[in-house]
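Please find below my notes on the model under review. They begin with a term needed for the points that follow.

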Amino acid sequence: MEVGKETIVANALCMNEGDKDISYADNSLLQKTVILNTRRVLEDTIKDLLTNVLPNCIKVADFGCSSGPNTLLTISEIVDVVHEICRQAQLKSPEFQVFLNDLPGNDFNAIFRSVPAFLDKLKREKGDFFGHCSISGVPGSFYGRLFPSRSLHLIYSSYSVHWLSKVPDGVENNKWNIYMAKSSPPNVFKAYAKQFQEDFSLFLRMRSEEIKPRGHMILTYKGRSNQDPSAEFYGWEFLAKSLSDLVTEVIFFPFPTYNL
C-alpha cells in the first residue's frame with residue numbers, strides 16, 4: 001500500500017522530545033516570546049467571549065501544542081485572564097477543560113509528567129476562586145476533525161498553522177533546496193502558496209464545525225514582510241548548503257511550511 005505524503009509528514013514532523021540541550025523544550029524561546037507578546041490579544045478575546053456567555057466549564061483547545069514549558073505557559077495565560085476577569089466581577093471562576101493537540105509523535109508524556117505540579121501551583125496561587133481544571137491530550141493532525149460539533153469555546157494555536165499537511169506537489173525541480181529559495185523556479189513558489197491556501201481553508205472549515213456559537217479563535221503564525229516570496233530570505237539555504245557539503249549524493253526532503 002502506498003504511503004501518502006500527508007502520512008509521511010505526520011510521522012516525521014515532531015519536535016525533539018525531553019528537556020536536554022537539543023530538545024524543543026530547551027530551544028523554544030522565540031515561541032515563548034510570541035505567547036507573551038500576544039497576551040493583550042488573548043485578554044481582549046477572552047473578555048469578549050465572557051461578555052457573551054459565562055459557562056460553568058470553559059472548553060479550550062490548543063492546536064499544535066508541542067511540548068515543554070510553553071505548552072503549560074499557554075494554559076496558565078488563559079487561566080490567569082479568566083481568573084482575573086471573574087475576580088474583578090466577584091464571580092467564582094468557571095471550570096476548565098483543556099485539550100492539547102499535536103501530531104502523534106509529540107512528547108505528550110513529558111507534558112503530563114508536569115501537569116500535577118502545574119495544577120497544584122495554580123490552586124495555591126488562585127485560592128478558592130479557582131475552578132477545577134482538567135488537561136488531556138488529543139493526538140492527530142489539525143487538518144482533520146478532532147472534536148465533536150459545537151464543543152469548544154476557545155480555539156488557540158500559536159506558531160503552528162504555517163506547517164503544511166504535506167510537501168507541495170510538483171516541487172521536484174527545486175534542486176539542492178529544501179524550501180523556497182532565491183534560486184527556486186517560479187512554480188515552486190506557486191506550489192507552496194497553493195498548498196497553504198488549501199490547508200488553511202481546511203483548518204478553518206474543521207474548526208468552524210467544532211467551535212460553539214459565539215466561540216472565539218486566536219491564531220498566531222509566521223509571516224513575511226515582502227509580498228514577493230522570492231525576495232525573502234528564509235535561512236533554509238544555509239541548511240541545504242550544509243547538507244550538500246556533507247554528502248556527495250543526497251535526497252533533499254522539502255520542508256512543509258509556509259510564511260504567509
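1. A residue is termed buried under 20% relative accessible area, exposed over 50%, and partly exposed in between (1.4 Å probe, protein chains only). Helices (H or I, at least four residues) and strands (E, at least two) are DSSP runs, numbered from the N terminus.

2. The model is predicted, so that local features need pLDDT of at least 70 and side-chain atom pairs count only at pLDDT 80 or more, whereas totals for chains, interfaces and linings use all residues. Residues are numbered from 1 along each chain as its sequence is written, and side-chain values use heavy atoms, with hydrogens and water left out.

3. The chain contains 7 helices and 5 strands, arranged along the sequence as α-α-α-β-α-β-α-β-β-α-β-α. Of its 260 residues, 45% are buried.

4. Strand E4 (residues 152–158) is largely enclosed by the rest of the structure, because 7 of its 7 residues are buried.

5. E4 pairs with strand E1 (residues 57–63) in the parallel sense over 3 bridges; strands pair if DSSP finds at least two bridges between them. In this pairing, Ala61 stands opposite Ile155 of E4.

6. E4 also runs parallel to strand E5 (residues 211–220), to which 6 bridges join it. Here Ser158 stands opposite Thr220 in E5.
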